[in-house]
Amino acid sequence: MDHASLGWWGVPLAVLAGAIRVSTPFLFVSLGECLTEKSGRINLGLEGTLVMGAMSGYATAYLTGNPWAGVLVAGLAGSLLGTLHAMICALERVNDIAVGIALMLLGTGLAFFLGKPFIQPQAPQLPAIPFGWWSSSAQVRSALDINPLFLVGLALAPLLLWGLRTTRWGMVLRIVGESAEAARAMGYQINRVRLLATAAGGFFAGVGGSFLSLSYPGSWNERLSSGQGITAVALVIFARWDPVLCVWASLLFGGAGALGPALQSVGVTQGYHLFNAAPYVLTLAIMIATSSSRHRLAGAPAELSVTR
Amino acid sequence: MNVMSRIVPQPIIPLGPADGAPAPGLEAVAITKRFGAFTALDAVSLKLRPGTVHALLGENGAGKSTLVKCIMGFYRPDEGAVVVGDREVVIGDPRAAQTHGLGMVYQHFTLVPRMTVLENLVMARASVPAVIDWRAERRRLAAFLDTMPFTVDVDAPVATLAAGDKQKAEIVKQLYLDARVLILDEPTSVLTPDEADEMLGLIRGMALAGRLSVLIITHKFREVMAFADDVTVLRRGRLAGSGAVADHTPDSLARLMIGDSSTAVPVERRGPPGTAARLRIAGLRADDDGGLPALHGVDLTVRMGEIVGVAGVSGNGQVELVQVLAGQRAATAGSVSIGDEPYRATREEMRRHKVHCLPEEPLRNACVPGMSVAENMAFRSFDEPPIARGRWWLDPAAMRRAALDLIARYRVKTTGPDAPIATLSGGNVQRAVLARELSREVDVLIAANPVFGLDFAAVADIHAQIVEARNRGTAVLLVSEDLDELLELSDRLVVMSHGAIVHETTPAAADLTVIGRCMAGH
């Protein structure tokens, strides 16, 4: 089979491939944000964390020659930003949303500043696992070149769900997010739990960022993120604070993001930019469809400031 | 530690004094607690004998909560000691209190609403395994509940339990945590009279069996007389009196609580209510914050010069009813009319029909905490002369003058009209809102729990204002969780349960058993 023989069948295939590829950063950021929000605090700074993760991961991979070291450093940079967010929010009369926006600007700004020297050089990329070895079609093969980080994210979601339900850590996290008063009466330290939850959430978001620069699109520049960090926050609401639903939501958004390029590849160029806007239109449409002015969102942690 | 192993009992305590060690006593010795220059507690002592029920009485601000918080380790007392059994103990935080066998049930429930009873109880334990085997925990809790004189559905999310069952779950939690000395903070404030009697009876039974020593914070004399062995009365941070309940009468306790200062004599309702219906609510329906129906067709009429009391356990639609009437919530069906005209609670209609509102928690629901007393008092009048010149130019001097007049007339204690209203005490915020709402001509007054958390003097004052408004011909809808308040003030009394009016009576003909049963939804 040659390249053209797939014809229109190339579109769903490309959307599927895109869903897997584009969804990975969404998946990590939304899982991290889900964890943070379960503790009753919202971190809007994950966009900055994502970009910072992309930069630090790329720089580390370039300097050490090991992309996995880059992933680790990206995660650590993310948890550092998360820790900063949590420490500022622990002060009296500090609004977590305002802090998040400030950290979003800080993270991106810092990444641009520190990342200038790394725009030109090519860092080693994360290896992909060729799940498409059985096929003779180049398109199928490239679509099924799956990055191990995606699989890690897939495994992480049910693990988080299990952890939130059956481990002491998960239960304490949820109690803090559901009722600070009850948590205090039980003797749990609310700020410490939220600090750990925000740091862990930052770690995941940083790892998500490293995927951007070390796998797809696979380079470091200042236009690398197109708002995935912020979209992922909306994703968590859409997924009703359920880690497993976060996977499906991420795949949906990834697929929507791949629609424009997929159509272009089969020759549909009209409305290219319109199709590229699909994820954003989808965000808006879903938020409108699932929200109501009358009542609170089901499943929202009761201590979350935006839903109170 | 030797001391602790002696005090901490076995995990499962069989009922009856013969099995296991009897519950220890508790003693607070000359406890003093200061907050800056203010002395909240001045050398207060209290002795809870083993296996008894001890009532702690006092007005709001008398220091009851401070004393209990010192015992439970929330505050560290400046002077004095806490003795459990016969050992002096130092309690640094609530967790430490738990290890000494002290447990407290708070006025506001502290269970996590969206988690099940089982999850709540397991997570409250001092040590929880890293990975929880829910099936084993469930078996263990069920076995423990078999030793209890009452049952609780352990798999129900706490939010779905009735108030009485929530209270029981809180008590079960403390017993599950091996509490042998139980402190209850106003335990019956959210219960129907029947539920309260049942709960206190069970508690007393366990105390008599030697299983528990109980300290109850309360302001209800009836409960003290019926269920307590001993009583301690606090007044303004000092010990006003203590002793066996048998040696006291409700009158002598009241004198100890308030002291010799006389309070305002209650204003009498004068004359029969009018005959013309003023506020008419028909088939009113509304949803709660969760989008679920909260009002299921409320029908209610209030005549001129009449106080209609709405009784009910909180959470049965009273909040939503008041919000619809105050314009804070949209009705989904039904109608409200004033006189003969439909009423949709717009600002213009409120002004035209002279509808005024005293919502509960006025600082939250009727004030802007950061704005000044004068500004808060002008919320009804800032857009009309004399405060607004030419309808849009604000005259701050006129606003201040109006506020000074109201502050004097309604005896609002404030450092001045420019102080942020959040700096006032609860009673004075209530008075300031009352001044704003009642100083103008009022045809319809909607009041919700208007004296919640206020001291005797403020309560008498605000009740007098409401009755005076009624005597002037105002139609008053009074929603309250305090049945005594309603019986005292109302011309007519209705009971609200599950979002509907289920019973109507007059205070004179009221049968408490019937009312209690209606409140409980039977």
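Modeller: A salt bridge is counted when a side-chain nitrogen of Lys or Arg lies within 4 Å of a carboxyl oxygen of Asp or Glu. Please bear in mind that this is a predicted model. Between chain A and chain B, the count is two salt bridges. One of the pairs is Glu178(A) with Arg114(B), whose closest N and O atoms are 2.5 Å apart.

Colleague: How many residues of chain A are in contact with chain B, and what area is buried between the two chains?

Modeller: On the side of chain A, 23 residues are in contact with 25 residues of chain B. The area buried between the chains is about 2,000 Å², and carbon and sulfur atoms give 60% of that area.

Colleague: Which residues touch the most other members of the largest nonpolar core?

Modeller: That core has 167 residues, and those with the most contacts to other members are Trp220(A), Met123(B), Ile171(B) and Met377(B). A second, separate core of 30 residues includes Leu279(B), Met350(B), Ala448(B) and Met496(B). Beyond its sequence neighbours within four places, Met123(B) is in contact with residues of chain A, among them Arg168(A), Met171(A) and Tyr188(A), and also with Arg95(B), Val128(B) and Ile132(B).

Colleague: Which element gives the largest share of the nonpolar surface patch?

Modeller: Helix α4(A) does, with four residues. The patch covers about 660 Å², and its members include Leu84(A), Ile88(A), Phe113(A) and Leu114(A). Two or more residues come from each of α3 (67-89) and α4 (96-115) of chain A.

Colleague: Why is Leu114(A) classed as partly exposed?

Modeller: Leu114(A), in helix α4 of chain A, is partly exposed because its relative accessible area is 39%, and that class runs between 20% and 50%.

Methods
Residues numbered from 1 in each chain as written. Chains lettered and ligands numbered in written order. Predicted model: local features only at pLDDT ≥ 70, side-chain atom pairs only at ≥ 80, totals over all residues. Heavy atoms only, no water. Core = buried A, V, L, I, M, F, W, Y, C linked by side-chain atoms within 4.5 Å. Buried < 20%, exposed > 50% of the residue type's maximum accessible area, 1.4 Å probe, protein only. Contact = heavy atoms within 4.5 Å. Patch = residues over 30% accessible without salt bridge, like charges linked within 9 Å, V, L, I, M, F, W, Y side chains within 5 Å. Areas by Shrake-Rupley, 256 points an atom, 1.4 Å probe, with all protein chains shown as cover. Buried area = accessible area lost by both parts, 1.4 Å probe.
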